[in-house]
Structures are given as C-alpha cells and as structure tokens.
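Please keep the sequence and the model in view while reading.

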Amino acid sequence: MTKPQLHIDIVKRLGTFSLQIELSVRPEILVLFGPSGSGKTQTLQAIAGLMTPDSGTIALNDTLFFQRRPALPLINVPARKRCIGYVFQQYALFPHLTVLENVAYPMAGQRDAHQRALTLLERIRLPHLAHRMPHQLSGGQQQRVAIARALATNPRVLLFDESFSALDRAIRDQLHADIRTLQAEEQLIVLYVTHNLDDAFAIGHRLAIIRNGHVEQVATLDDVFVHPANRRVLDILGIPNIIHTRVIESSTARLLLDWDGLMLESMPLDCPPGSEVTACIRPEDIRVLYPDRPVSHVVQHNYLDGTIVERRPGRHMHRLRVALSDRHVVEIDHPTRTYTNLPLPPGAAVKLALRKESIIVIPSRHDRQGHTSHQHYDPKPHSNPTYQHVHHEHNAS
Amino acid sequence: MNWPAFWLSLQVTAIATIAILIFGLAAALLLTRVRLPGLILIETIILLPLVLPPSVLGYYLLLLLGRGSPLVEWFNVRLLFTVPAAVIAATITGLPLMVQSTRAALSAVDPVLENAARTLGSSEIEILWRITIPLARRGILAGLILGGARALGEFGATLMVTGNIPGRTQTLPVAIYDAVQSQRYADAHLMVLVMTSLAFVGLFWVRRLEPPPQQYRAATTRTEEVYDEATASH
C-alpha cells in the first residue's frame with residue numbers, strides 16, 4: 001500500500017489569467033506561497049470542488065475527484081461528496097447557529113452528533129463556549145471552531161485559505177502549533193495558503209512557490225533558499241543582492257566569478273568559462289569582520305572592502321547597506337546582539353567576507369526559456385547538469 | 001361597520017399572503033440563483049404593478065378572466081366577479097414588495113457561508129433550507145408583511161374585477177368607497193380606523209424586522225482576545 005497522495009494537475013482560464021497547477025501532496029503540510037492573485041485560492045477551490053477547472057485531473061489516492069481529458073469520461077464529484085475540510089479566511093461560521101450547532105452541522109441527523117461535536121470542541125479546548133453564538137467569540141476562537149467543524153466530516157485533506165492572516169501573531173503561532181500536532185496525529189494531507197513567508201516557515205514542511213498561476217518550485221523550507229529554482233523565486237522570496245557575473249574559471253574545486261571587477265569564489269558548478277550567470281547572496285550570509293581578529297578558516301575566501309551607506313535597526317538583525325569597491329551596494333543582515341558590539345555608523349569602512357557556499361548560482365536558462373511547470377517535477381533530476389542544484393528537492397524529506 | 005366586508009377582506013388577504021409567500025420566494029430564488037439572459041424582463045414584469053395605475057392592472061385582469069380569454073374559452077374557468085378574482089388582484093399587487101425584499105435578503109447572504117456548507121456535505125436544497133433561508137428570514141418576513149398589507153389595501157383592480165357585490169365580493173377598501181359614495185360617514189370612519197390600525201401594526205413589524213446593516217455576513221470579530229486568556233478560563 002502506497003502512502004496516501006493528493007494529486008492535482010489542472011488548467012483553468014479566468015479572463016487573461018491562466019491557472020496551470022501541478023502538485024503532489026503527501027500527508028504533510030504543504031504551504032502554497034505566492035503573491036496575492038497568483039492563483040493559490042483558486043487551486044484550493046478546485047481541490048474542494050468549489051471551482052471547476054477547464055481540464056485536468058484531481059485525485060486522492062485512487063479516487064478521482066475530477067477528470068476532464070480528451071477521450072476520457074468526464075468526472076466531477078460535487079464538493080459535498082469530496083469530504084475535504086476547508087477553513088476560510090473569514091471563518092465562515094454560520095451566524096445563526098451556536099458554536100455547538102456549527103460543529104454538529106455536518107453530522108445532522110446522526111444520533112450522537114452533539115456528543116461528537118462536544119468531543120471535537122474539547123479537542124480545540126473550547127467546550128465552555130459551546131452555547132455561545134459565533135459573534136460573541138474572538139477571531140482566534142472562531143477560527144478554532146471552524147477547524148473543529150471542518151474535522152467533523154472526518155476529512156483526509158484539510159485546506160487552509162489564508163485562514164489566520166487576520167489574527168494576531170501570538171494567536172497565529174498557537175494555531176500553527178495546533179495544526180502541526182493535528183496533522184501528525186491524523187496523518188492528514190494539509191494545504192496551507194499564505195502570502196506571509198513567516199507563516200510559511202512557522203507551519204510548513206514543504207513550500208510550493210506559486211506565481212502567476214504556475215508552480216515555480218516545490219521544495220523543503222531549507223532547500224528553497226539554498227537552491228532557488230530561478231530568478232522569479234528569488235523575487236517572490238524577497239531575496240536581495242542579486243548579482244550578474246561572468247564565469248572566469250570552472251574547476252572541480254571552485255567556480256570563479258567576475259562581478260564587474262570583483263572576483264568571487266563559489267562552489268564548483270558545471271558552467272563553461274565565459275558564460276554569464278546570475279547569483280544571489282543572502283544578506284545574513286555576508287559577515288562583517290572584526291578588524292582586530294583573525295579570520296576563521298570557513299571564510300577564507302571572498303574578502304570585500306566596503307563603506308556603510310545606511311544602517312536600519314531591526315529586532316534581530318540590523319540591515320546594512322554597504323557600497324563595495326565595484327560601486328555595487330549589497331544588503332547585509334548583521335546580528336543586533338553580539339558579544340562584542342561593532343560600531344557600524346554610516347560612512348565607516350568595513351571588511352566583509354563571504355563563504356563559498358553563500359553565493360547561490362541561479363540556473364539562468366530558466367529565465368530565458370518559457371516556463372513549463374513540468375521542469376520542476378522531472379523525476380530524473382540529473383538529466384541536465386545545469387539543474388543539478390535545483391533538483392535536490394526531490395531527495396529531501 | 002360592514003362586518004361581511006371585514007371578514008371577506010381578512011380571508012382574501014390570508015389566501016393572497018400564502019400565494020405571495022410561495023410565488024414571491026420562488027421568484028426571488030429564481031432571480032438570485034439562476035443566470036439566464038431574459039431574467040431581467042421577468043423581474044421587470046413582476047415589479048410592474050408597483051408603478052402601474054390600478055385601473056390598468058384591473059383592465060389586464062378583465063382581459064385575463066373575462067369573456068374571450070383562454071381561461072374561460074378553453075378551460076371554462078369563470079372567475080370574474082368572484083372572490084378568487086379579488087385574491088388574484090391582491091396577490092399581484094402584493095407580490096412585487098415581497099420579491100424585492102426577499103431578493104435583497106437572499107443576495108445579502110455571504111456566499112462564503114454557502115460554500116462552507118458545500119464543503120461540509122450539504123446539497124443545494126439543504127443549503128437553502130438550513131443556511132440561506134434562515135439567514136434571510138427577516139427580509140423574507142418583512143417582505144411578506146409588506147406584501148400582505150398591500151394585498152389587504154388593494155382597491156382599484158379589485159373594484160374592476162369583483163363587481164362590488166355587497167356581502168359577496170365587496171372587500172373592506174371597496175366598502176369604504178361605497179360608504180362614502182352613499183354618505184354613510186359613520187360607517188366609513190370606523191372602517192378607515194380599522195384599516196389604518198392594521199396597516200400600522202404591519203408596518204411597525206416590518207420596521208422592527210429590518211435588519212441592521214451587515215446582519216447576514218459571516219460573524220466578524222470585534223475584539224481579539226489573547227489566545228491564552230481565552231483558554232485559561234477553561
């Protein structure tokens with residue numbers, strides 16, 4: 001018996017916008033992350049049966065929910081028979097029913113409905129509110145009731161559509177923890193839509209980056225920053241310090257890049273000398289060196305000289321903007337609290353160091369080619385050496 | 001006081017109100033739920049009695065019920081100058097008010113709630129019965145009362161199609177007209193008072209039923225309690 005899987009492969013045209021999504025979800029929490037209007041909600045609606053795609057397949061294990069393909073019979077299981085839990089952003093509790101009646105709603109006509117609804121309310125720690133009306137509850141409480149109600153149908157799949165975006169940070173953290181526990185206990189397939197990267201990291205196992213109706217990349221949370229699939233993913237993740245370089249030397253030991261006169265050494269990668277590559281450097285990977293200390297052996301490469309242009313204080317990190325000798329400006333995240341504070345006023349000269357690993361080379365061919373989502377699902381990751389970095393996601397988790 | 005007219009008016013209004021409920025709800029559902037190109041025409045026709053002079057309505061009803069109409073010629077149903085003719089006139093004049101109010105109430109129900117019910121296993125009929133109509137009930141009831149009050153007060157078209165036969169087809173508003181015509185003012189005073197009281201009570205109810213704005217939306221949060229606070233009390 002293979003593990004349960006939800007498989008989606010759909011196309012839907014909505015005016016000039018076209019949605020073309022292919023995803024496979026295991027019992028895990030897959031975060032659909034992307035800017036507003038990228039098609040995340042429509043994807044959930046298609047899975048739940050609230051929206052009918054133009055063509056494609058949606059299947060849970062061996063059960064086809066939807067199928068519209070040439071020469072195959074049309075299948076479209078109505079939403080009420082799919083048994084998929086859907087938690088809406090606006091809570092969507094029935095305002096004319098009490099909390100208990102809301103949770104018991106899907107079990108109408110069953111003899112032990114109220115008892116089971118109470119059990120579900122105990123599970124979300126709200127049995128004392130059973131006889132309140134929804135409007136008497138706080139947002140966080142309402143959303144927990146909505147989760148209990150979604151669970152009342154015994155779903156194998158739970159969908160969260162920006163469900164917690166209106167809630168305070170502390171409440172959101174608690175709900176994220178609850179859902180992680182729930183998912184692990186019941187081995188649920190969970191899809192969680194958000195446009196907030198912090199939320200994505202707080203709850204998800206894997207991240208599906210969606211832009212303009214397409215899946216740009218599916219990767220574990222660790223992997224997505226180390227091996228972004230293409231330039232668009234960088235933009236969506238908001239990674240600054242995107243640099244355009246030319247390959248000077250490519251050996252098994254290293255890749256030497258020329259960034260408008262600055263030589264940068266990065267991890268070996270199969271790029272022919274002379275080719276142009278795009279890379280990015282995460283702001284937290286650039287070290288500001290203490291002038292009076294020996295340099296650790298892990299940062300023996302890539303010394304840079306710069307001048308601080310701007311320093312913006314942050315809660316955990318200061319964001320520094322530093323002009324380098326080639327006149328490019330890089331953004332650096334420097335820890336707010338260190339054992340020895342380094343004075344970093346604007347105008348000060350600083351020495352920087354970069355690990356070889358922190359220069360992330362983006363396979364630039366993705367940028368020029370038209371996008372097809374299949375590239376990222378290629379089961380044979382090493383068919384093209386350029387994608388080697390990108391396809392680590394398949395081995396992960 | 002013309003008691004036969006009073007009781008007849010009550011009967012006519014009762015039956016007309018039931019008809020208004022059934023046809024009005026059906027029409028409002030059709031107008032909000034079904035997307036058809038010609039629907040706006042049907043809606044306009046249903047609302048026409050609001051603005052047409054009663055005599056025009058009465059004229060149409062004469063055409064519909066009188067000699068030469070299919071009803072008489074093909075089915076031999078003769079309703080002219082009978083109580084059912086008064087019911088039909090009352091229903092047609094009351095219907096637009098019911099349809100307008102019900103329609104507004106139905107479309108004010110948040111579609112997210114209906115979608116939620118779909119994912120919770122409800123069929124469309126069940127959603128209508130358990131979610132949409134309960135949430136729209138104030139608007140539906142207000143429309144019904146308005147329509148019923150309008151049916152009770154129907155005068156012009158009724159006069160034309162019932163023939164104003166005292167004791168048989170004469171309703172209260174027509175009886176008032178009759179009393180004034182024959183200068184029986186004491187009679188008219190009392191009947192006017194009764195009519196005014198009934199209308200007042202009806203409208204008073206409607207005002208009380210009219211929901212505050214946002215009544216039908218999914219419940220939204222006013223204050224956000226801290227999560228731990230909420231659970232600590234348990």
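The model is a predicted one. Chain B comprises 12 helices and 0 strands, whereas in chain A 5 strands form an open sheet. Over all chains, the count of salt bridges comes to 27.

**Chain B as a whole**

- Chain B has 12 helices and 0 strands, and its pattern along the sequence is accordingly written α-α-α-α-α-α-α-α-α-α-α-α.
- Of the 234 residues in chain B, 44% are buried.
- When contacts in chain B between residues at least 6 apart in sequence are considered, 74% of them join residues at least 24 apart.
- The accessible surface of chain B is about 12,800 Å². Carbon and sulfur atoms account for 67% of this surface.

**A nonpolar patch on chain B**

- B:Trp3, B:Trp7, B:Leu10 and B:Leu198 together make a nonpolar surface patch of about 410 Å².
- Helix 1 of chain B, which covers residues 3-33, supplies the largest share of this patch, namely 3 residues.
- B:Trp3 is located in helix 1 of chain B. Its relative accessibility is 47%, so B:Trp3 counts as partly exposed.

**The open sheet of chain A**

- In what order do the 5 strands of the open sheet in chain A stand? The order is 14-13-12-15-21, and the pairing is antiparallel.
- Strand 14 and strand 21 (359-362) of chain A stand at the edges of this sheet. Each has a single partner strand, so one side of each is left without a neighbour in the sheet.
- Neighbouring strands of this sheet are turned by 45° against each other on average, direction ignored.
- As a general point, the side chains in a regular strand alternate between the two faces of the sheet.

**Strand 13 of chain A and its two partners**

- Is strand 13 of chain A, residues 255-259, largely enclosed or left open by the rest of the structure? Strand 13 of chain A is largely enclosed, because 4 of its 5 residues are buried.
- Strand 12 of chain A, residues 242-250, pairs with strand 13 of chain A in the antiparallel sense over 4 bridges. Within this pairing, A:Asp258 in strand 13 of chain A is the bridge partner of A:Arg246.
- Strand 12 and strand 13 of chain A form a hairpin, and 4 residues lie between them.
- Strand 13 of chain A also pairs with strand 14 of chain A, residues 262-266, in the antiparallel sense over 5 bridges. A:Leu256 stands opposite A:Glu265, which belongs to strand 14 of chain A.
- Strand 13 and strand 14 of chain A likewise form a hairpin, with 2 residues between them. In this turn, A:Asp260 has a positive phi of about 45°.

**Salt bridges in chain A**

- Side chains of opposite charge can pair when their charged atoms come close.
- A:Arg123 and A:Glu185 are joined by a salt bridge between their side chains, at 3.1 Å from N to O. A:Arg123 lies in helix 4 of chain A (residues 113-123) and A:Glu185 in helix 6 of chain A (residues 169-186), so the pair ties together parts that are 62 residues apart in sequence.
- A:Arg123 is partly exposed, with a relative accessible area of 36%, whereas A:Glu185 is exposed, with a relative accessible area of 55%.
- The side chains of A:Glu249 and A:Arg254 also meet in a salt bridge, at 2.9 Å from N to O. A:Glu249 counts as partly exposed at 30% relative accessibility, and A:Arg254 counts as partly exposed at 24%.
- A further salt bridge links A:Glu310 with A:Arg312, and their closest N and O atoms are 3.6 Å apart. A:Glu310 is partly exposed, with a relative accessible area of 32%, and A:Arg312 is partly exposed, with a relative accessible area of 43%.
- Which residues are linked with A:Glu310 and A:Arg312 in a network of salt bridges? The network also includes A:Arg319, A:Arg321, A:Glu331 and A:Asp333.

Definitions and conventions: Residues numbered from 1 in each chain as written. Chains lettered and ligands numbered in written order. Predicted model: local features only at pLDDT ≥ 70, side-chain atom pairs only at ≥ 80, totals over all residues. Heavy atoms only, no water. Buried < 20%, exposed > 50% of the residue type's maximum accessible area, 1.4 Å probe, protein only. Contact = heavy atoms within 4.5 Å. Areas by Shrake-Rupley, 256 points an atom, 1.4 Å probe, with all protein chains shown as cover. Pairing = 2+ DSSP bridges. Patch = residues over 30% accessible without salt bridge, like charges linked within 9 Å, V, L, I, M, F, W, Y side chains within 5 Å. Salt bridge = Lys/Arg side-chain N within 4 Å of Asp/Glu carboxyl O. Axes fitted to C-alpha atoms, helices over the stretch in contact; angles between N-to-C directions.
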